[in-house]
Amino acid sequence: MTARNWLATVGAAALFTAGLASPGAAQSSQAARQGQGMYDVKTETTIMGTVESVENITGGGGRGRGGMGGTHLVVKTEKDTVDVHVGPTAYLAEKGITLAKGDRLQILGSRVTVDNEAVLIAREIKKGDNTWTLRDASGRPAWSGRGR
């Protein structure tokens, strides 16, 4: 193999490898927006309160939420008001999970700081007789790896 052919082969391999890496980078950026990698089982806590507002954020641009799109709640507890990241709005709709202002909820989740704001990333939500598990015990989202 000549030096010229070798360089062409190495260059093509490098471009191919770079092309394979791009989807992974996009997926990990999407993962960060959905709270994967941010969930910390060591900071798990349970809150009880009333939903003051429900906000569905499309795409990135989570306004102070590290770009975490999806459904967010503001929940008023006895002690404070908590910003709760629930998960992707489409996933919640698919599973028939409906949350509205005035709902009384019990939420198990991880308290973390995103863009200097305290948030709770929900793992399990109880509303009346309904219990929805959004993440497994390690914090891995139920919607993770879907479509593969």
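User: Before we get to partners, what does it take for two strands to pair here?

Analyst: This is a predicted model, and the strands come from DSSP. Two strands pair if DSSP finds at least two bridges between them.

User: Good. Which residue in β5 does Val-84 stand opposite?

Analyst: Start with the strands: β3 covers residues 81–87 and β5 covers residues 117–127. They pair in the parallel sense, over 3 bridges. Across from Val-84, the β5 residue is Leu-120.

User: And how many bridges join β4 to β5?

Analyst: β4 spans residues 104–114 and runs antiparallel to β5. One facing couple puts Leu-108 opposite Glu-124 in β5. The bridge count for β4 and β5 is 9.

User: Which residue takes a positive phi in the hairpin of β4 and β5?

Analyst: That hairpin has 2 residues between the strands. The positive phi, near 50°, belongs to Asp-115.

User: What about β6: which residue there does Lys-126 stand opposite?

Analyst: β6 is residues 130–133, joined to β5 by 4 bridges in an antiparallel run. The hairpin of β5 and β6 has 2 residues between the strands, and Gly-128 takes a positive phi near 60°. Lys-126 looks across at Thr-131.

User: Zooming out, what pattern does the protein follow along the sequence?

Analyst: The tally is 2 helices and 6 strands. Read in sequence order, that gives α-β-β-β-α-β-β-β.

User: What share of the 148 residues is buried?

Analyst: Buried takes a relative accessible area under 20%. With that cut-off, the buried share of the 148 residues is 35%.

Note on methods
Residues are numbered from 1 along each chain as its sequence is written. This is a predicted model: local features need pLDDT of at least 70, side-chain atom pairs count only at pLDDT 80 or more; totals for chains, interfaces and linings use all residues. Side-chain values use heavy atoms; hydrogens and water are left out. Buried means under 20% relative accessible area, exposed over 50%, partly exposed in between (1.4 Å probe, protein chains only).
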